[in-house]
Amino acid sequence: MWQRLSGASLWPLAWAMAAACALPWLVPERWDGHIATQWWLAGGTAWLLSLVLLRFRRWRVIPLAFTLAGFTTLGLAHRARWEAALPVGFQALEGRIAAPWTFQGDRLRSQIELTGPASMRGLSVPLTLPANEEQPVPGPGTPVRFRAELRPVQPAPTFLAERPLWRARSDESPRRIHLASAQLMEITGPARPSWLLRLQAFARRRFETLPLDPTAKDLWGALALGIPPADEGHFSVFAESGTIHILVVSGLQVTLVMAAVEALLRRLRLRGAALGTIAAGLLYAGLVGFSAPVWRGLFMGVAWAVGRSTGWKLPPVTGLHGALLLWLLGHPAAGVEPGFLLAWWALLGLLWGAEPLAGLLSPLLGRLSLSFARLAAPWLSTLPLLALLNGGAPWWGILANLLVLPLVAFLTPLCLLLILLPLPGLTQGIGAVLTWMGDRLVPSLTGIAPLGTGILWPWLLLALGWLLLAHLQGRLRRTRWLTVLLVSTSLGLLACRGTGRKATTLSLEAIDVGQGDALLLRVPGGAATLIDTGPSPWTGRRLARVLSRRGVREPVHLILTHPHGDHAGGWATLTRLWPLSSTSVPVTADEEDPWEAYRPKGSDPSGLLRGDAWMRGEAAFSVRWPPRAFRLPDANMVSAVLRVSWRERELWLMGDAMAIQERDLLDLGDPGSGQATSVHRLLKVGHHGSRNASDPAWIAALQPEVAIIPAGLKNRFEHPHAETLATLQAVGLEPWLTGAHCGTRVVAEPGGWRMETGDGATAFIPLRKSPSP
């Protein structure tokens, strides 16, 4: 009891850390790091006044929170000024390949430690190359020079639970290099890798020679070496089930391995179990590379080993929160890292939430209550964070904990040993187990409960409630009432599918998914409609977060305009993450299924042809193209064109329709005689603003008041083209670009259209009082 109580006075540290973690969520990502003098004076005065409270034990958390918040603010300001001073654009670069090459998707990824220009000396920058080249890539430790574009990490839309620029600043990698060919790099000397890089390259070479199929290789690499799965589909499945946070993102695999080593050494009654555990953790961390998640896991593993070896004279609250505090001081934006928050809250549930939960379950489960509670508590404690960060929580999280955590602790050392000493029979056996896990077990655990987070405060209170429960349990206070409240609130939010917001007017959101299309349409009285899903599984996951943050709770209707990857690449992922009421695609006369590469298993979409019409809530939907089933060489030529009518407004959603289809639409009588009845039109420009769409005659006939162009920032097609912009400007339109604005949302309001962008800008476009004939 004394050992547990000895950490009670340190719980204010946890609350102060939570306050510091909130700061990078409140400060804009585009902040340049400068703070006005009056804010410095106000903050300093508040901190000095709070020092009086140090005399009172109950209120010591306030000056501690002010102190830690001050350090965090200084750190964020320093990182912002440092990042803003780094160069962008094309630069002559020199450096040394600083990590083994890794396949991911269709590209090879590594790191380059720069030696020039001087302003970036010592910076380690992510580097990618096409994976399908014959030119061999320089090995780890090779000095190279080349000319390339330094691309800054782009901030996320303001309403999403993402802060990629803050994370990149925190990890000192706010620039990216995407080379078009390995031939652009000139090798300037022999490879001289460090001993650590030699060790990593040796392990990677041994791993690549293992006779494994792609699924087993993806999972083996994630378990043993912390390599993200090369196949985007596998990566997405692991991310959706929550296992990716254990395997790659959070660094918990390092903590679990160190805990397993410590338990083994203690079981063998060997002296120096803590030192042996720390040495094993350092060796494993060096083998997989000292990335941010690995450092976090190493710190937590050291705290655990020292606490266990001293009989918890160093209590868990001191060791674990001390380790997290060290990381937070060195990485002031750690509060926006999902791995950091999920690892922290999972430990809160596992170490301090399991016993109160077991007390509630004991009348039902008896002796099994504590074992079950240790699996359920981390799932419940991380549920609000998963809802806020991912838009939903895995239904089978408890079962995933039961299977994944022991497997990681057991299979990771075994996989490492088999990399060094590949015993034929055992290697194939473990590979078969991993293939079964990757193809059957993990996908079966990816049932996601989609949760609306349109109202934030219940989720924030629920997350802080688990911190309060851990605090009270650490002080051996009664927690039954709080445990009942937290469990009932969690189950209640799951039952009602989160906190939603109904549509009160027409809104269309062009979501920033890079170079691709993804539109969210909401109308009063009807379920949400998604038009296209973007280019990849990542965009499918972003769509789920957008649906959640906009307060959508119901199954959505999906319309795919045509079978191109930039429009249908996220279809399979979205199907796993969010229930679909219907799926519709344009009818074609192709002999082979053009949707085979994108179609989820078991999906049977309905067909769309001109003349199809339906009501959804207060809006009328009408298909304007294609008029019949075509067999054409370009899928863009059968791209579905939709007209959505709501009161006196019309939305024309062109997909990737080109000028030839627009002229055909004119021949078919579109856009109709809406001008005579004062219809106000919005245009989603066809084919990302390409010069082969937006025919001047079509734009003149349509006379839209608002034009939106979904085009990725600095995309390789250079969309939108100057010819399209000139056509739109000729009729007085300045189009809104998704890439430049981190997404665009238009809302129908009395008297006009309200424009909102993902970077926080707003504008109001009044309706034309008397549309010209």
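This is a predicted model: local features need pLDDT of at least 70, side-chain atom pairs count only at pLDDT 80 or more; totals for chains, interfaces and linings use all residues.

Colleague: Where is the kink in α17 centred?

Modeller: On M437, and the kink is about 40°.

Colleague: And which residues of α17 are buried?

Modeller: M437 itself is on that list, along with T427, I430, G431, L434, T435, G438, L441 and V442.

Colleague: OK, other helices. At what angle do α2 and α13 pack?

Modeller: Helix α2 (residues 11-26) and helix α13 (residues 316-330) pack at about 30°, and their axes are 10 Å apart. Angles under 35 degrees count as roughly parallel, so α2 is roughly parallel to α13.

Colleague: Which hand does the crossing of α2 and α13 have?

Modeller: The crossing of α2 and α13 is left-handed.

Colleague: Let's switch to sheets. What is the strand order in the open sheet of nine strands?

Modeller: The order is β17-β16-β15-β14-β13-β12-β25-β26-β27, and the pairing is mixed. At the edges sit β17 and β27, each of which pairs on one side only. Neighbouring strands here are turned by 20° against each other on average, if you ignore direction.

Colleague: Can we zoom in on β26? How many of the residues of β26 are buried?

Modeller: Five of the six residues in strand β26 (residues 752-757) are buried, so this strand is mostly covered.

Colleague: How many bridges join β26 to β25, and how many join β26 to β27?

Modeller: Six bridges join β25 to β26, and these two run antiparallel. Five bridges join β26 to β27 (residues 762-766), again an antiparallel pair.

Colleague: Which residues stand opposite G752?

Modeller: E749 stands opposite G752, while in β27 the bridge partner of G752 is P766. Further along, M755 has A763 in β27 as its bridge partner.

Colleague: And what do the turns look like? Which residue has a positive phi in the hairpin of β25 and β26?

Modeller: That's G751, with a phi of about 90°, and two residues lie between the strands of that hairpin. In the hairpin of β26 and β27 there are four residues between the strands, and G760 takes a positive phi near 95°.

Colleague: Where do R647 and C742 lie?

Modeller: R647 lies in the loop between β20 and β21 (649-653). C742 is in the loop between α26 (738-741) and β25 (744-749).

Colleague: R647 and C742: buried or exposed?

Modeller: R647 has a relative accessible area of 63%, and exposed means over 50%, so R647 is exposed. C742 comes out at 4%, so C742 is buried, as that word means under 20%.

Colleague: How many bridges join β19 to β20?

Modeller: Five bridges join β19 (residues 619-625) to β20 (residues 641-646), and the two run antiparallel. A620 stands opposite S645 in β20.

Colleague: Where are P117 and P671?

Modeller: P117 is in the loop between β3 (107-116) and β4 (124-130). P671 is in the loop between α23 (659-667) and β22 (680-684).

Colleague: Last one: where is P605, and is it buried or exposed?

Modeller: P605 is in the loop between β16 (580-586) and β17 (606-608). Its relative accessibility is 16%, so P605 counts as buried.

Terms used:
Residues are numbered from 1 along each chain as its sequence is written. Side-chain values use heavy atoms; hydrogens and water are left out. The bend at a residue is the angle between axes fitted to the seven residues ending there and the seven starting there. Buried means under 20% relative accessible area, exposed over 50%, partly exposed in between (1.4 Å probe, protein chains only). Two strands pair if DSSP finds at least two bridges between them. Axes are lines fitted to C-alpha atoms, for helices over the stretch in contact, and angles run from 0 to 180 degrees between N-to-C directions. Angles under 35 degrees count as roughly parallel, over 145 as roughly antiparallel, 65 to 115 as roughly perpendicular and the rest as oblique. A crossing is left-handed if the near helix is turned anticlockwise from the far one by less than a right angle, and right-handed if clockwise.
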